[in-house]
Amino acid sequence: MKQETFENRYQHDWQAFEALLEQLEKRQSPSVVQFATHYRRICHYLALAKARTYSPQLQAQLESMVLRGHQQLYNRKTQFLYNSLQFIVLKFPALLRENWRFFWLATALFYLPGLVIFLAIQWDPNLVYTIMNPHQVTEYESMYDPALRHLGRERQSDTDIFMFGFYIWNNVGIAFKTFAGGILFTIGSLFFLLFNGLFFGAFASHIVNVGYQSTFFPFVVGHGAFELTAITIAGAAGIKMGYSLLAPGNLSRLDALKQSTKVAVQLLLGAAFLLIIAAFVEAFWSSSTLLTPTIKYTIGGLFWLLVAGYLTQGGKGYAT
Amino acid sequence: MQRLDSQIVIETPEGISLPLTPAGPGVRILAFLIDAIIRYAIVFAVFFVLQFFGDIGSGIGLIAMFLFEWFYPVFFDVFRHGVTPGKKSFNLRVIHDDGTPICFSSSVVRNLLRVADFLPSFYILGVLCMMSNRRFQRLGDLAAGTLVVYDSPSVQFAESRIEGSQSFPVPLNWQQQQAIIQFSERCNTLSEARQQELANLLTPVTQDRDQAAVNTLLRVANGILGRQ
């Protein structure tokens, strides 16, 4: 068949398909019952045009229609709200338990160096300056001075919302960086976990040395349940991603990376969820000086139990 | 037909090979800069408005800054099928490396890993990574399985500028026929002098010169395509 005849015979079908595509691309949801059949017909025209070596322009025109059709046919529709809820309640804890090795590795990398430096600084208080510079030490010290009306970063009494925003911007950003660094063969995640563990341990120990524990520990116990757990989960996700490059198993490194990242990013989103809760608790609960330390320790302990219960029991029997 | 080496071909379940043209570092950096300017302009405007609401406003501003820093591209990837304003200005689009539209989790991966691409500073690692593979994928693209490609422009039929058809003095093989068809389709985009220069290459066979030679070739193309 000559090209001109071919064009004349099927032109109306192509135009109809293009009209359909335009509607779909504008999300005007027309009747799409016939879409798949119609799309396959266009694929067929393209195959014919190629086999008969019709002009490049005709081939290009059909090709672009196929490409646009492909984008519509394989569009992954999602029910965002339902999926998020299901993810938080069931999938995330189940997925984390499935990756328990990475979680405990990250936990060890975060807490053990922290514990070592804590004990070391108890033994020789000057060792704090190996981790923090003197300026940082005084700055952080002033945050937990028992004479303050509010704990944490220096602020007025009506700025809880400001701090909420600050914690989200700062802490979730740190978690994202802890995760992303993992792609460099786990190095970035290991660095952030070790660094944050050391910093936290050193600072906690120094606070005990200067005698501010009555303000510091009640402050951190509440949101720590969410924040510290979330940081280790983000680290675990990053390590999982980098580890797939180090030990890809039967897959090519690229395929191993893609597969592990699919899981790792879900762990990270779970961690981000915990961090948002942490920011809320830190800004509105931990900072209050009206509550006695006993109440804070009790509620803080309950938060830890809550997180542990959620991560160990949530989504039991849910197949990930 | 021979493809350009900057194209990659993806086979769909329908057995069709789709050609895609990955976008290189240069154009992507420009697109990124445009997006960055838009992003900072919005964040600046948000802070400007919210400063009238004191610390509460600043708090909300920080949350907005967080969202814009990390999720600005994710928003466009999910709701605009992978086209951010910066990409739109260069006709670019993010898709999965199997040609399907980008989804939420892939978008989150490729945009969060921007941090790793930024190392040691100014996206040096990302650019090196892009230049080391022929699909121009940065680390985030490799992990998420995504590509940045040029959007294929919608193609228009060139108008046939001449009536009638004729046969060529000697038999033509398929490649020669293709060459003549391509000449007729691209004729509109060439200057008159260039059209004639190309057509004159065939003067020894057609015995025509200048505009007459061009017209002859167009009529031959009509004949091959079956136009009357």
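**Exercise 1. Find the stretches of chain A that UniProt marks as "transmembrane region", and say how much helix residues 102–123 and 216–243 hold.**

Start with the record: the unreviewed UniProt entry lists residues 102–123, 179–204, 216–243, 263–285 and 297–315 of chain A under that name. UniProt positions follow the numbering used here, feature names are shortened, and annotations may be inferred rather than shown by experiment.

A quick word on what you're looking at: this is a predicted model, where local features need pLDDT of at least 70 and side-chain atom pairs count only at pLDDT 80 or more, while totals for chains, interfaces and linings use all residues. Residues are numbered from 1 along each chain as its sequence is written, chains are lettered from A and ligands numbered from 1 in the order in which they are written, and side-chain values use heavy atoms, leaving out hydrogens and water.

Now check two spans. Residues 102–123 of chain A are 100% helix and 0% strand, with end C-alpha atoms 32 Å apart. Residues 216–243 of chain A also come out at 100% helix and 0% strand, and there the end C-alpha atoms lie 36 Å apart. (Helices are DSSP runs of H or I, at least four residues; strands are runs of E, at least two; both are numbered from the N terminus.)

**Exercise 2. Describe the interface of chain A and chain B.**

Step one, count residues: 58 from chain A and 63 from chain B take part in the contact, meaning heavy atoms within 4.5 Å.

Step two, find what chain A brings. Helices α1, α2, α3, α7 and α10 of chain A each supply at least two residues to the side touching chain B. The most comes from α3(A), with 14 residues.

Step three, look for a salt bridge (a side-chain nitrogen of Lys or Arg within 4 Å of a carboxyl oxygen of Asp or Glu). The rule finds one across this interface: K258(A) pairs with D97(B), their closest N and O atoms being 2.7 Å apart.

**Exercise 3. Find a salt bridge inside chain A and say which helices it links.**

R41(A) sits in helix α2 and D13(A) in helix α1, 28 residues apart, so the pair links distant parts of the chain. Over all chains, the count comes to 11 salt bridges.

**Exercise 4. Work out how β1(B) and β2(B) are arranged.**

First, the direction: β1 (residues 8–11) and β2 (residues 17–20) of chain B pair in the antiparallel sense over four bridges; pairing takes at least two bridges found by DSSP. Next, pick a partner: I10(B) is bridged to L18(B) in β2(B). Last, the turn: the two strands form a hairpin with five residues between them, and G15(B) there has a positive phi of about 80°.
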